[in-house]
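Today I opened this model to look up its charged side-chain pairs.

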Amino acid sequence: MRRSLDGMSTFDRYTAASELAAGRIIAAYSTSFGAATRLLGPRHRTHVRSIYALVRVADELVDGATAEAGIPPEAQREALARLEAETDGAIASGYSSNPIVHAFAHTARAAGITRELTGPFFVSMRSDLAGERADGDPLTGLDDAAHAAYVHGSAEVVGLMCLRVFLREEHRTDAQRRTLEFGARRLGAAFQNVNFLRDLADDTERLGRSYLSADGTVDAALQRRWIAIIREQLDDAAAALPLLPRDARIAVDCALRMFARLAERLARTPAAQLTERRVRLSAPAKAGIVAQSALALRKERIA
């Protein structure tokens, strides 16, 4: 095996470069997520960024980047199929010439992430690209069961992937793992449902999708229903936090706090305005939440 002057093998150098590329993807797309990952312990941080980088690449493929590049629908579907096949192959072999896929595969092999989780994710991505549910009906008008299936593939499995990273060197009882898995699914679902409310205008007007109602509209009553669901999901996720490793718990708590704050802002926003502006947290508000979580981490270390 060829090694450079600093002792790294060619493969290790490529993996490190791929992980840096994954980190750049996240930094370019999400300041909130980037801030939360900085609170993760070093043994988790790069792996979680690698998971979210692959998710972001797939999201961009199905949410318009390929269309804006002039790629026709059939070629878009083929591109997503290639990404899925390359991800499967990289997990099996440990290598991909695509740096983002390579970084994800390195994480998947370390944490035991398999088709059990990546399969449902790509199913949801395909439904976005096709504009259809798995049963062939339009995405507009998702009933509760179809909504749950979509959210499982697009968000809950991502939470479960991160959990496998957090627990890869940890011992937990079967009961504790079930509690943690439930919490991870609920947190992923809460994140997704918050973003559905935040992205109503873009989803309905640009993408022609509706994830929360039959006709693409959300009135005050439906808004209250979804806020209640989100609050319950966040509460369930918070209940599992104490079982996470310390070097993951504070970062997850930070992300939970950010989305809880967003949910409260969404609750105070008139339903009619949800399609007019995207509810956001200001930079000072985000900084305050990160500071709260960082302070909690410091107190834990002292204790």
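I began with glutamate 264 and arginine 231, whose side chains meet in a salt bridge at 2.8 Å, N to O. By salt bridge I mean a side-chain nitrogen of Lys or Arg within 4 Å of a carboxyl oxygen of Asp or Glu. Glutamate 264 sits in helix 12 (residues 246-268) and arginine 231 in helix 11, so the pair ties together parts 33 residues apart in sequence. Helices here are DSSP runs (H or I, at least four residues), numbered from the N terminus. I found glutamate 264 partly exposed at 29% relative accessibility, and arginine 231 partly exposed at 36%. My cut-offs: buried is under 20% relative accessible area, exposed is over 50%, and partly exposed is in between (1.4 Å probe, protein chains only).

A note on the source: this is a predicted model, where local features need pLDDT of at least 70, side-chain atom pairs count only at pLDDT 80 or more, and totals for chains, interfaces and linings use all residues. Residues are numbered from 1 along each chain as its sequence is written, and side-chain values use heavy atoms, leaving out hydrogens and water.

Next I looked up arginine 186, which forms a salt bridge with glutamate 232, the closest N and O atoms being 3.7 Å apart. Arginine 186 belongs to helix 9 (residues 174-198) and glutamate 232 to helix 11 (residues 220-240), so this pair ties together parts 46 residues apart in sequence. Arginine 186 counts as buried at 18%, whereas glutamate 232 is partly exposed at 48%.

Last, I searched the whole structure and got 15 salt bridges. I also noted a network of salt bridges linking Arg43, Glu169, Glu170, Arg172 and Asp247.

Terms used: Helices (H or I, at least four residues) and strands (E, at least two) are DSSP runs, numbered from the N terminus.
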